[in-house]
Amino acid sequence: MGLKENFLWGGATAANQYEGAWDVDGKGASVSDHCTNGSHTTPKRVTPEFEEGTLYPSREATDFYHHYKEDIALAAEMGFKVFRMSVNWTRIFPTGMEEEPNEDGLKFYDAVFSELKKYGIEPLVTISHYELPYALVEKCNGWYGRECIGYFVHYAETLYERYRDQVKYWLTFNEINSGTMPMGAVLSLGTIKDFRGPVNEVPDEPQIRFQALHHQFVASAKVIALAHEKYPEFKMGNMSLFATKYPYSCNPDDVLECQKQMRIMNWFCSDVQARGYYPSYMEKIFREKGIVIKKEDGDDEILKEGTIDFYTFSYYMSVCESTDPEVLGKVGGNLVGGVSNPYLKASDWGWQIDPKGLRYTLNEIWDRYQLPVMVVENGLGAKDELTEDGKIHDDYRIDYLKKHIEQMKEAVEDGVDLMGYTPWGWIDVVSASTGEMAKRYGFVYVDKYDDGTGDLKRRRKDSFFWYQRVIESNGEKL
Ligand code: BGP
């Protein structure tokens, strides 16, 4: 059977981690621009004012802004059919609140899309990927403020009108469900008014986060409904961070706990976005957490009208859930909580590698929604070494991706309607969780380092040539 003939092979990036040029041609500051660098052991910090002498890695990132032609040529050389990117909200509306868009910002994406077209590469655009205007944090505590909905709709409409002939595939919010976790308050929801400090010390405020998420659901549904009404050629997707969970043991208590955590973390947001209403299981969970969602008249209708056409997600790892205090005390989890799985190995950043989990997840998603699915992020963040002759032998990355593609193919055999695959950070970008450059995912190496040095030269890693062959053979030659 194999993958579809028109399978969308490509790679993924986000403006805040890739573009740089943070204050060029009228761009305003986003939440990411206010984040310092960190590492696996030292969390990055948010600073409301910019500190003299501190490194803010998103500012230059790996400078797609000035390298887009070269980078798109590299993507084309690998045979990309699709190019996942995001638009930097503050390049179009520097504070998020302007009436008129910044023409220079719009022109940049005109140029990017026409370059992609030159090579027959389809853009896949995330409208909001951790790039909330910082001015909206100050004005209304980010997405906690209902007025964000209006600003976002105006922004999305501006993009639709301008790029209607260039862009067909859109995702509304990157990893919208990261707002269910405390750390989602920073990059995803921007509910950090007056907060300063390490990102892992951001206060855990479920009432605020889930209210902010409600505003994102309404905003997402509004722009999806608008697209369906005015731009019927558009295909609109969600984007969820899928952190697959297994019960740590077959103790029914663990199984039930796992089901609950799967619902809160992995299903809740996409249930709303795919089905058009809040799932009934959340009522009890909200009660337990003392959360009351304030809805306005008409919100329920909006959610119903704005459901997605296809389902996308990021997949890096899985984790286990346990109720046993002894296990909980002994076995640490990873970024997404839980406890680690004794059958799996982890990356240097503690993310547990689980290719079969991808097959399992694809099947679960397909069974639940019966919508076309796309894996829009996956990959191994690892330290790469440059050899003396400027090569990067990243066989560990090839091994990771190969095993995940194998499992995607199994899922297709299982009957999943899989549209495409865009591994994360196909070219090295700044890490979202730590702000590091050392955590690299790319097929293309960028000479840029954690102290801010580097001349931004691009180099093809071994995985570059491997992926080129994978695409050429439509996934047959792994
Ligand atoms: C996802 C984000 C991306 C990306 C990726 C890898 O959560 O959508 O923006 O960065 O994870 O994470 P990290 O960069 O922290 O390794």
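Strand E3 covers residues 82–86, and 5 bridges join E3 to E4 (residues 122–128), the two running parallel. The model is predicted: local features need pLDDT of at least 70, side-chain atom pairs count only at pLDDT 80 or more, and totals for chains, interfaces and linings use all residues. Residues are numbered from 1 along each chain as its sequence is written, and side-chain values use heavy atoms, with hydrogens and water left out.

**Strand E3 and its neighbours**
- Strands are DSSP runs of E with at least two residues, helices are runs of H or I with at least four, and both are numbered from the N terminus; two strands pair if DSSP finds at least two bridges between them.
- Strand E1 (residues 8–12) also runs parallel to E3, joined by 3 bridges, and Gly 11 has Phe 83 as its bridge partner in E3.
- In E3, 5 of 5 residues are buried (under 20% relative accessible area, with exposed over 50% and partly exposed in between, for a 1.4 Å probe and protein chains only).
- Val 82, Arg 84 and Ser 86 point one way from E3, whereas Phe 83 and Met 85 point the other way.

**Aromatic pairs**
- The structure holds 48 aromatic pairs (ring centres of Phe, Tyr or the six-membered ring of Trp within 6.5 Å; planes under 30 degrees apart are stacked, over 60 edge-to-face, the rest tilted).
- Phe 113 and Tyr 163 form an edge-to-face pair, because their ring centres are 4.9 Å apart and their planes stand at 75°.
- Phe 113 belongs to helix H4 (residues 103–118) and Tyr 163 to helix H6 (residues 147–163), so this pair ties together parts 50 residues apart in sequence.
- Both Phe 113 and Tyr 163 are buried.
- The rings of Tyr 160 and Trp 170 are likewise edge-to-face, with centres 5.3 Å apart and planes at 65°.
- Tyr 160 lies in helix H6 and Trp 170 in strand E5 (residues 169–173), 10 residues apart.
- Tyr 160 is buried at 0% relative accessibility, and Trp 170 is buried with a relative accessible area of 0%.

**Charges over rings**
- The charged end of Arg 368 sits over the ring of Trp 267, 4.2 Å from its centre (CZ of Arg or NZ of Lys within 6 Å of the ring centre and within 35 degrees of the ring normal).
- The charged end of Lys 439 sits over the ring of Trp 351, 3.5 Å from the ring centre.
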